[in-house]
Amino acid sequence: MYDLYIANKNYSSWSLRPWVLMRELNIPFTEHLLPFGHSLSWDAYRKISPSGKVPCLVDGATVVWDSLSIVEYLAERHPGVWPADGAARAWARSAAAEMHSGFNELRTRCSMSCGVLIRLAHISPELMHDVARLSALWGDGLHRFGGPFLAGSAFTAVDAFFAPVAFRIRSYSLALELPAADYGARLLALKSMQEWYAAALEETFRDAAHEEEILQMGEVLEDLRAR
Ligand SMILES: N[C@@H](CCC(=O)N[C@@H](CS)C(=O)NCC(=O)O)C(=O)O
């Protein structure tokens with residue numbers, strides 16, 4: 001049994017990636033949620049994860065940190081993490097890597113806060129560029145491999161890498177083209193994503209830095225989280 005350490009479900013986009021992948025692939029794990037934003041979090045995280053960041057997967061004596069390496073570790077042990085077809089796998093790895101190291105504007109201007117709906121004060125050309133790239137990339141995968149997931153008929157790691165983006169699209173009302181917009185809605189409708197979302201809404205903890213960041217980007221239209 002794996003131990004998966006994650007942070008607050010409302011905010012932690014990186015944690016969602018391995019969590020949703022393991023849920024969708026029915027890989028059993030014990031979840032440990034370490035809330036961030038209070039003075040003890042750095043110490044609590046470092047006791048588990050060498051980088052002091054989560055997600056972190058513990059498999060007996062083996063500690064795996066960073067969402068990308070967790071996915072690769074799981075891929076060595078479980079079928080279906082990446083697509084079986086070589087061309088689909090190459091595409092899926094490229095798209096996941098692009099998400100891991102790119103989409104900076106989307107990441108910084110639209111930080112994940114599942115339970116909040118926000119009207120952005122300003123949509124920069126760089127953000128428009130990221131959103132257009134997202135439409136093109138998702139459209140390409142869906143067209144090339146036939147959907148309904150990005151690299152074919154099954155949910156794989158590349159879908160897990162974009163799962164947090166589906167929450168961002170909803171929170172910030174980002175307008176994607178078809179068929180990308182439908183794919184985003186499909187991700188949100190997954191049972192695992194609804195489970196994550198429901199738990200995020202129940203969280204009463206607020207991280208001042210995240211809340212401040214969101215207020216600087218726009219106006220909160222609705223906050224659906226428990227108080
Ligand atoms: N590149 C890392 C990023 C991990 C990351 O930044 N995690 C955040 C939580 S969403 C964190 O642990 N923050 C705590 C901190 O920075 O002190 C990954 O893919 O896992």
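Trainee: How many cavities of 30 Å³ or more does a search of the whole structure find?

Mentor: A cavity is a set of points on a 1 Å grid over the protein atoms alone where a 1.4 Å probe fits but cannot get out, and lining residues have an atom within 4 Å of a point. The search here turns up 1 cavity of 30 Å³ or more. The largest cavity holds about 40 Å³ of space, a volume being the space filled by probe spheres set on points joined across faces, edges and corners. Keep in mind that this is a predicted model, where local features need pLDDT of at least 70 and side-chain atom pairs pLDDT 80 or more, while totals for chains, interfaces and linings use all residues. Residues are numbered from 1 along each chain as its sequence is written, and side-chain values use heavy atoms, with hydrogens and water left out.

Trainee: Which residues line the largest cavity?

Mentor: Look for Ser13, Trp14, Arg17, Met99, Arg107, Phe161, Pro164, Val165 and Arg168. Helices α1 (13-24) and α7 each give at least two of the lining residues, and α7 has the largest share, with 4 residues. Those labels come from DSSP runs numbered from the N terminus: helices are H or I with at least four residues, strands are E with at least two.

Trainee: And how much space lies in the largest pocket?

Mentor: A pocket is an open set of grid points with protein on both sides within 12 Å along at least five of seven lines. The largest pocket here holds about 600 Å³. Its lining has 25 residues, and the closest to the pocket's centre are Ser12, Trp14, Phe36, Lys53 and Val54. The elements giving two or more lining residues are α1, α2 (41-48), α5 (104-109) and α10 (208-217). The largest share, 3 residues, comes from α2.

Trainee: How many residues does the largest nonpolar core have?

Mentor: A nonpolar core joins buried Ala, Val, Leu, Ile, Met, Phe, Trp, Tyr and Cys residues through side-chain atoms within 4.5 Å. Buried means under 20% relative accessible area, exposed over 50%, and partly exposed in between (1.4 Å probe, protein chains only). The largest core has 67 residues, and Trp138, Val158 and Phe162 have the most contacts inside it. Helix α7 (residues 157-172) gives this core its largest share, 11 residues. There's also a second, separate core of 9 residues, with Tyr11, Tyr45, Val54 and Cys56 among them.

Trainee: What does Trp138 touch?

Mentor: Contact means heavy atoms within 4.5 Å. Skipping neighbours within four places in sequence, the contacts of Trp138 include Leu150, Phe162, Val165 and Ile169. Leu150 also touches Trp91, a residue of helix α4 (residues 86-101). Trp91 and Leu150 sit 59 residues apart in sequence and 9.3 Å apart in space, C-alpha to C-alpha. Trp91 counts as buried because its relative accessibility is 12%.

Trainee: Phe103 has a positive phi; is Phe103 buried or exposed?

Mentor: Phe103 has phi of about 50 degrees although it is not a glycine. Phe103 sits in the loop between α4 and α5, and its relative accessible area is 6%, so Phe103 is buried. Asn26 also has a positive phi, near 55 degrees, but Asn26 counts as exposed because its relative accessibility is 67%.
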